[in-house]
Amino acid sequence: MAVEAIAKEAEILKPRNDEREYRRIVLPNNLQVLLISDPKTDKCSTSMDVRVGSFSDPDGLEGLAHFLEHMLFYASEKYPLEDSYSKYITEHGGSTNAFTASEHTNYYFDVNPDCFEEALDRFAQFFIKPLMSADATTREIKAVDSENQKNLLSDVWRMNQLQKHLSVKDHPFHKFSTGNWDTLDVRPKERGLDTRQELLRFYNENYSANLMHLVVYSKDSLEKSENMVRSKFQEIRNTDRSSISFTGQPCDSESLQILVKAVPIKQGHKLRFVWPVTPGIRHYEEGPSRYLGHLIGHEGEGSLFFILKKLGWATSLSAGESDWTCEFAFFKVVIDLTDAGHDHFEDIVALLFKYIQLLQQSGPSQWIFDELAAICETSFHYQDKIRPIDYVVNVAFNMQFYPPRDWLVASSLPSKFNPKIIQSALEELSPYNVRIFWESTKFEGLTDSTEPWYGTAYSVERLAGSTIQQWIEKAPKENLHLPVPNVFIPTDLSLRTVSEPIKLPVLLRKTPYSRLWYKPDTAFSTPKAFVKIDFNCPFSGSSPESEVLTEIFTRLLMDYLNEYAYDAQIAGLYYGITNTDFGFQVTVVGYNHKLKILLETVIQQIAKFEVKPERFAVIKELVTKEYQNLKFQQPYQQAMYNCSLVLQDQTWPWTDELEILPHLDVENLAKFYPLMLSRTFLECYVAGNLEPKEAESIIQHIEDVFFKAPNPVSQAMFASQFMTNRIVKLERGINYVYSAEGLNPSDENSALVHYIQVHQDDFKLNVKLQLFALIAKQPAFHQLRSVEQLGYITVLMQRNDSGIRGVQFIIQSNVKGPGQIDLRVESFLKMFEIKLYEMSSDEFKSNVNTLIEMKLEKHKNLREESGFYWREISDGTLKFDRRECEVAALKQLTQQELIDFFNEHIKCGAPGKKSMSVRVYGSAHSSEFEADKSLTAETEFVQIEDIFSFRRSRPLYGSLRGCFGHMKL
């Protein structure tokens with residue numbers, strides 16, 4: 001397949017199935033722009049990438065670039081009302097965000113098409129005349145500090161900063177980039193600096209049009225888009241600021257050939273091998289990093305991971321280039337170790353370098369490169385459409401680094417086989433050039449240093465390359481070898497013709513054993529399919545033991561299939577086996593050509609399952625650590641978990657499951673597996689580039705395997721055995737409170753989930769709830785986060801538990817305890833009540849139209865569409881035309897009906913209101929825990945002391961699934 005150059009005026013390579021038009025323009029102020037015209041889009045989107053990031057932070061003002069990114073959202077001279085930009089975007093069906101990287105900062109939004117021009121004008125003001133008031137400056141430093149607070153106990157952030165800390169001190173890679181109250185307020189004041197003045201100076205010096213790249217994705221023609229962009233962005237100042245490049249290397253001889261032992265927060269052991277390498281961007285068409293990542297990260301037979309897994313030493317391995325700029329890059333290999341692997345550190349180091357030596361000695365392989373290039377080319381030409389907001393961010397980033405021809409491609413199409421460049425990259429992965437970071441909780445108390453920003457305990461030892469060479473000589477004698485040709489590469493990419501267009505899923509087939517829903521591809525024209533088989537097993541969710549055994553069973557299946565299915569994954573065919581509340585699910589998605597081969601192998605593995613004792617031990621250890629690490633979840637995640645535990649009947653707390661784990665053995669699973677599958681019903685969904693008869697034959701085959709063999713594994717389920725999720729019905733007019741202390745004593749943050757339960761699935765009530773959530777979302781964020789600065793995580797969102805609808809405020813804070821946050825939520829609802837009553841009819845109509853447009857937004861790809869329809873099947877609602885029905889309900893809705901809905905279900909003190917506050921108290925507010933509980937007893941709140949007694953005492957909503965296996969056609 002040759003890559004075709006289309007859109008000649010811009011000479012931009014694009015996928016052959018991409019119908020969008022592209023045009024590159026450069027404004028008089030030197031702003032580079034890519035215009036994208038997509039007449040079919042439901043959302044318009046824009047991204048601006050500015051070539052300045054945290055590497056440019058002045059010394060002593062760590063986090064200034066990140067802080068500026070926050071501040072540009074506040075206001076501008078043209079639109080001086082605070083937060084009016086975000087308000088406009090949210091009220092018109094959109095979303096907005098930004099991020100700061102080391103050498104660039106990206107701002108982006110999406111919005112409904114009819115409001116795009118004004119949204120674009122508001123966005124342009126970020127870069128023309130932003131207002132950064134003194135009051136907003138102080139408040140937003142608190143938001144940056146809160147953002148940093150939530151990261152302090154995250155191993156990802158901690159280990160990333162440790163790698164930076166152990167680099168050359170005068171290289172910007174060494175810096176702390178997030179910022180906090182100390183770096184942006186306390187220290188500058190001590191030095192007589194005004195942070196706001198420094199912020200303005202930083203903006204004026206660095207935000208120049210010639211350092212910016214803009215992507216505009218619109219429904220309009222290229223001509224119309226060009227006129228709009230020229231009029232709105234030409235005022236951005238161009239100071240001809242030269243592009244800032246940071247020369248020099250972040251690692252010198254002192255920071256190489258080192259072994260760093262570090263203590264993580266979470267249980268487990270991890271090895272990170274880090275080499276400074278030549279940036280792959282310099283040879284992106286030759287793709288040396290991709291080639292090496294492909295081989296070192298391979299999981300098929302003979303690979304490094306295959307051997308480590310066989311020895312019981314590793315549970316995952318990844319390899320590839322990261323943290324790259326045009327001047328430097330790192331190649332990293334990350335291995336998650338078992339306890340046994342932790343004890344074989346030297347052997348693992350030796351095996352990795354032995355595999356690298358094998359690659360060096362065998363030399364770059366033409367056939368491996370060609371196979372990889374072919375996979376990449378198919379992937380590029382048949383890529384799924386993604387949300388415009390994600391697309392523009394990716395492309396704006398690419399514009400900073402690649403010539404216009406490759407703005408859409410970036411480094412995803414290696415096309416020039418150059419053995420010399422690959423060999424040269426291989427030589428860089430030397431024992432004399434490596435940094436090894438070894439993380440384990442076993443190092444606690446054995447370290448001698450502390451990283452200053454996150455407080456990570458670590459110690460550094462010299463590890464000479466010659467020592468590693470000695471380990472290599474003593475390495476275990478294992479048969480490491482290169483992969484064999486990939487049998488899963490699709491060669492039939494033809495599209496099936498659909499005789500009659502089926503717009504919604506249909507019930508294609510029903511037997512006592514299964515039910516098959518089918519939906520051909522009528523929208524995406526890609527040679528891909530989606531298959532989901534849901535095994536409903538009544539014995540699977542009947543106790544904490546059975547739930548844990550089901551999880552170990554699904555993990556073991558994935559473990560057994562890994563080396564076989566890895567080639568399929570590389571070739572764009574993905575599968576997953578996951579446990580559910582009442583059984584497990586098999587999902588296969590990707591190119592349809594060889595999908596049946598993979599699926600049949602998965603089904604065979606399930607039907608012939610045996611427990612391998614050595615793999616059982618590894619998976620049990622992995623699952624145990626995951627359960628142990630749940631106590632390190634963010635407080636808001638703990639609050640959300642507790643909320644679900646209160647509401648969802650027949651669910652078991654993870655603490656019970658953790659208690660059971662040590663006592664489970666091979667024998668337990670060997671006995672449980674046949675019992676679990678003895679009675680089952682298959683709920684199936686097949687969609688995409690498959691004909692009805694193909695879908696039926698897939699399910700017929702699965703039925704034959706499980707139910708029709710000489711000694712069948714399964715029998716049909718009895719009607720009495722169907723299990724469904726039931727949700728607790730809260731009492732009208734009562735505010736429930738469930739309080740718990742945070743599980744991690746080191747975490748200062750507290751959290752609140754303020755949940756309001758409203759109704760069981762009903763189109764008219766759904767749209768009233770959705771409209772309330774749309775109208776209240778931005779005011780809640782503005783008041784509770786921007787003005788009151790309760791915390792970085794402040795969200796108002798809808799909640800749907802198996803068709804039971806509600807709304808929830810989720811807030812995490814280190815400045816106020818959950819009881820105080822709860823009062824602020826109540827106070828906000830009182831403020832919002834006035835806003836709702838005063839809303840003009842035009843504003844009401846505008847919000848209704850926004851919600852209608854959001855509902856009519858088309859699915860972007862097969863996976864997204866299938867997820868939407870599967871939710872209808874799994875909830876039992878089966879309202880496949882939900883969006884059209886809800887749009888019809890919205891068109892009938894009056895403003896008074898919305899007010900009546902608010903007064904009945906949401907308003908403070910409403911007699912029909914059903915609410916529950918789930919509070920998690922962090923260490924900063926632990927003294928308030930008991931005080932709040934006694935205070936609650938004296939107020940209108942009803943304290944939930946024991947979740948399970950509460951659940952038993954409450955009525956449940958009826959399940960929408962009913963007895964689905966025996967539903968009449």
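Biologist: At 15% relative accessibility, does Glu 226 count as buried or exposed?

Modeller: This is a predicted model, in which local features need pLDDT of at least 70 and side-chain atom pairs count only at pLDDT 80 or more, while totals for chains, interfaces and linings use all residues. Residues are numbered from 1 along each chain as its sequence is written, and side-chain values use heavy atoms, with hydrogens and water left out. Buried means under 20% relative accessible area, exposed over 50% and partly exposed in between, with a 1.4 Å probe and protein chains only. Since its relative accessibility is 15%, Glu 226 counts as buried.

Biologist: Which residue forms a salt bridge with Glu 226?

Modeller: A salt bridge is a side-chain nitrogen of Lys or Arg within 4 Å of a carboxyl oxygen of Asp or Glu. At 28% relative accessibility the partner counts as partly exposed, and with the closest N and O atoms 2.9 Å apart, the residue is Arg 230.

Biologist: How many residues apart in sequence are the parts that the pair Glu 82 and Arg 139 ties together?

Modeller: The closest N and O atoms of this salt bridge are 2.8 Å apart, and Glu 82 counts as partly exposed at 25% relative accessibility, whereas Arg 139 counts as buried at 11%. Because Glu 82 lies in the loop between β6 (75-76) and α2 (84-91) and Arg 139 in helix α4 (residues 134-151), the separation in sequence is 57 residues.

Biologist: How many salt bridges does the count come to?

Modeller: One of the pairs is Lys 860 with Glu 857, at 3.3 Å from N to O. Salt bridges that share partners also join Asp 761, Arg 805, Lys 855, Glu 872, Lys 879, Arg 882 and Glu 886 into one network. By the rule given above, the count of salt bridges comes to 59.

Biologist: How are α24 and α25 oriented to each other?

Modeller: The axes, lines fitted to C-alpha atoms over the stretch in contact, with angles from 0 to 180 degrees between N-to-C directions, come within 10 Å for α24 (residues 763-787) and α25 (residues 818-838) and cross at roughly 125 degrees. Angles under 35 degrees count as roughly parallel, over 145 as roughly antiparallel, 65 to 115 as roughly perpendicular and the rest as oblique. The orientation of α24 and α25 is therefore oblique.

Key. Helices (H or I, at least four residues) and strands (E, at least two) are DSSP runs, numbered from the N terminus.
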